[in-house]
Amino acid sequence: YAGLVLPADDAFWQNHLPVKEYGCKCSVIQHTRRMLEREGLQVGKAPPEVMRTLTNKRTGEVMEVPVGVDPAFHYPPGGRRAIRRCR
């Protein structure tokens with residue numbers, strides 16, 4: 001998704017905020033409207049979410065994971081602690 005420009009509150013970031021796989025070198029840079037204008041960038045639309053079904057070989061759990069996201073990194077921004085606190 002190189003060069004993708006989306007609003008900070010776009011739902012896309014719930015599944016794709018880096019880091020999303022081992023060795024991932026992706027980053028997100030927040031811009032103001034003025035910075036976007038100066039750099040000639042335009043806010044776009046999130047690509048359609050393509051999911052894949054995976055089965056955890058150890059636990060047998062079946063899960064839906066977005067393409068491009070390693071299952072070990074499939075958790076919301078803020079990390080695994082955020083998941084534990086919500087339960």
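How much space lies in the largest pocket? In this predicted model, the volume comes to about 930 Å³. Rolling a probe the size of a water molecule over the atoms shows where empty space is left.

The lining of the largest pocket consists of 32 residues. Leu4, Val5, Leu6, Trp13 and Val28 lie nearest the pocket centre. Two elements, α1 (13–16) and α2 (33–39), each give two or more residues to this lining. The top contributor is α2, with four residues. By residue class, the lining holds 19 nonpolar, eight polar and five charged residues.

The chain itself contains three helices and two strands. Read from the N terminus, the order of elements is α-α-β-β-α. Of the contacts with a separation of 6 or more, 45% join residues 24 or more positions apart.

The structure holds one aromatic pair. Phe12 and Trp13 are the partners, and their arrangement is edge-to-face. Phe12 has a relative accessible area of 6%, so Phe12 is buried. Trp13 stands at 15% relative accessibility and therefore also counts as buried, since the cut-off for buried is under 20%. Trp13 is also one of the residues nearest the centre of the largest pocket.

Across the chain of 87 residues, buried residues make up 16%. The accessible surface totals about 7,200 Å². Carbon and sulfur atoms account for 52% of that surface.

Definitions and conventions: Residues are numbered from 1 along each chain as its sequence is written. This is a predicted model: local features need pLDDT of at least 70, side-chain atom pairs count only at pLDDT 80 or more; totals for chains, interfaces and linings use all residues. Side-chain values use heavy atoms; hydrogens and water are left out. On a 1 Å grid over the protein atoms alone, a cavity is a set of points where a 1.4 Å probe fits but cannot get out, and a pocket is an open set with protein on both sides within 12 Å along at least five of seven lines; lining residues have an atom within 4 Å of a point. Grid points are joined across faces, edges and corners, and a volume is the space filled by probe spheres set on the points. Ala, Val, Leu, Ile, Met, Phe, Trp, Tyr, Cys and Pro count as nonpolar, Asp, Glu, Lys and Arg as charged, and the others, Gly among them, as polar. Rings of Phe, Tyr and Trp (its six-membered ring) pair if their centres lie within 6.5 Å; planes under 30 degrees apart count as stacked, over 60 as edge-to-face and the rest as tilted. Buried means under 20% relative accessible area, exposed over 50%, partly exposed in between (1.4 Å probe, protein chains only). Contact means heavy atoms within 4.5 Å. Accessible areas come from the Shrake-Rupley method with a 1.4 Å probe; for residues, only the protein chains shown count as cover.
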